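Please view the sequence and model below before reading on.

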Amino acid sequence: MSYITPLVSFAERQVISVKNQIEWIKMAVNLCMAEFASEQEKKGCFAELEEIYNQFTDIEQKSILDIIMREFEVNDAIYVFSVMVQYMEVKAFRKAVMECLIKGEFDGFIGGVLEYQAAVYVKGEYKQRRLFRKKNIGRLEEILAVHYPYIPLETRNKNHIVLVTGQVLKPLHAPSRIIMDLSYALQKYMGYEVILFICPCDRRLPEDLWNRPRCENSEGIFRRNPVGIQVRDIVVRGYQINMHELCEKEYNMMFDIIYAWNPFFVFDFSTINPIVDIIKNFTTLVSMPASIDCPVSEAQILIRVAREREELEKEYEDMLNDDQTQLFVQEKFPILVESNLTNCTRLELGLPEGQFLIAIVGNRLQSEIDEGFVCEMRKVLEKMPNIAFVIIGSEEGIKKYFEDMIFDGHIYYLGYRKDLLDVYGVLDLYLNPRRIGGGFSGGMALLAGIPVVTLPDCDVANNCGEEFIVQNYEDMISTVCRYASEPEFYNTKKECAKLYKEKNTDVQLERFVREMVDGVVNIMNEKGENYVGF
């Protein structure tokens, strides 16, 4: 009998396991479609669902994914997985949603907007994002039928450069600031004539295709009006093409203008819209992201500002096409922001005088602040009750994290601040959650003279330097406590911040742009006509 029981038990477990997988999928779908009293209630339900999922074996987890991929219509699977990647930290769901996107049948414009959702919500998955982009480019090429002969290098106008980006928004929107500074340097210091094209992914998605879809915002004043942006003593001129229903004609006009203007090369900065990659068919396209990642792009030259972990660099290299080259720029891109001279005071901002104030800053805090980071904030307060946190950015979706008693009198909200540099002046420290972005706001904190605490392998770490890097959340807690309790340690780091400010000048901007352009020109000269025909 003792020999039979385990066999019966094993068979029963197999039946129960399959039933449990089906029940889990039913629960997941019901949660995806349910209306909740609050966002916190929804997060709690998905946290329970994730806990159940993690109790399945690897084989059972794979079976759940296989059932959804096999039994659901592609668009339905995309929607379900889009909810899961927003509410659960499961890598398999991120890969699954990308595989479904690649399988789906969309026109190139909807595909581009879905690329934007992936950029916002899907961490990692570089290979899948590149494959999805290739598919979208092919679809756009069919729609637009762009057939220009490739322009030989020797016949191009060496004084012309075209810039393309996805958004130009408010002055403290980091990618907008960077593209303006790049345009300024190319014209002011290097003598190029520049045209800018802004190509946001802002077409509406069907409501049942993606959960809470984001739209790549754009400035309304540039819709159907020429772009003219004053950057100090230079005006950046160009056009914005929104992804409206009749945009095909405007995209073709953009290609006509670029081809006729015959630039030395086209520089793409952080353009998610796959329309930009069609340009590589008739001239050299150079792509640079707004982060330390490798660009998700088919451009011939991919600009990098830092190396990442070895396994991630291997993934990037494996996805390089035969005609693609990575160019690593050694110079740091400076953060150039002037004070508004508002002379902020804590009293005016509604902040207390007697607390050590820590800034947490970002445009996407609702997706960057999570329960894990909030748990570390609680631990800091347990150790150092004189600390308080100042949230700068949208409060949407994050206040629920700070309803615990421990945060009473220790959390303040300032919203979006145009005078961020001046606000930093009355704060004590900048704290960076686990995220890729934040490099611009972190650099601004150093410009204002307050130290930074950040994890490695992110934009803040790359911008601010190793003096401000901690290795993990445990190290982060102890370092924050040292800042709040050891004046000598604090003042030493404050001196490092002053050195950072001395390096962030127009001279540094010119150095960065010259190194980048020289590197691009060297690669074009080395490759010669090897780019032709791609």
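Which residue forms a salt bridge with E510? The partner is R514, with the closest N and O atoms 2.9 Å apart; a salt bridge here is a side-chain nitrogen of Lys or Arg within 4 Å of a carboxyl oxygen of Asp or Glu. The model is predicted, so local features need pLDDT of at least 70 and side-chain atom pairs count only at pLDDT 80 or more, while totals for chains, interfaces and linings use all residues. Residues are numbered from 1 along each chain as its sequence is written, and side-chain values use heavy atoms, leaving out hydrogens and water.

**Sheet**

- Five strands form an open sheet in the order β11-β10-β9-β12-β13, with parallel pairing; strands pair if DSSP finds at least two bridges between them.
- Strands (E, at least two residues) and helices (H or I, at least four) are DSSP runs, numbered from the N terminus.
- β11 (411-413) and β13 (452-453) are the edge strands; each has a single partner strand, so one side of each lacks a neighbour in the sheet.
- Three bridges join β10 (residues 387-392) to β11 in the parallel sense, and F389 has I411 in β11 as its bridge partner.
- Helix α13 (residues 371-383) packs on the sheet and touches β9 (356-361), β10, β11 and β12 (429-431), where contact means heavy atoms within 4.5 Å.
- The direction of α13 makes about 150° with that of β10; axes are lines fitted to C-alpha atoms, for helices over the stretch in contact, and angles run from 0 to 180 degrees between N-to-C directions.

- E125 and K91 meet at 2.9 Å, N to O.
- E125 lies in the loop between α6 (108-121) and α7 (126-144), and K91 lies in helix α5 (residues 91-103), 34 residues apart.
- E125 is buried at 8% relative accessible area, whereas K91 is exposed at 52% (buried is under 20%, exposed over 50%, partly exposed in between, with a 1.4 Å probe and protein chains only).
- D277 pairs with R133, also through a salt bridge with closest N and O atoms 2.9 Å apart.
- D277 is in the loop between β5 (263-269) and β6 (285-288), and R133 is in helix α7, 144 residues apart.
- D277 is buried at 1% relative accessibility, and R133 is buried at 1%.

- E510 and R514 both lie in helix α19 (residues 506-527), four residues apart, or about one turn.
- E510 is partly exposed at 25%, and R514 is partly exposed at 33%.
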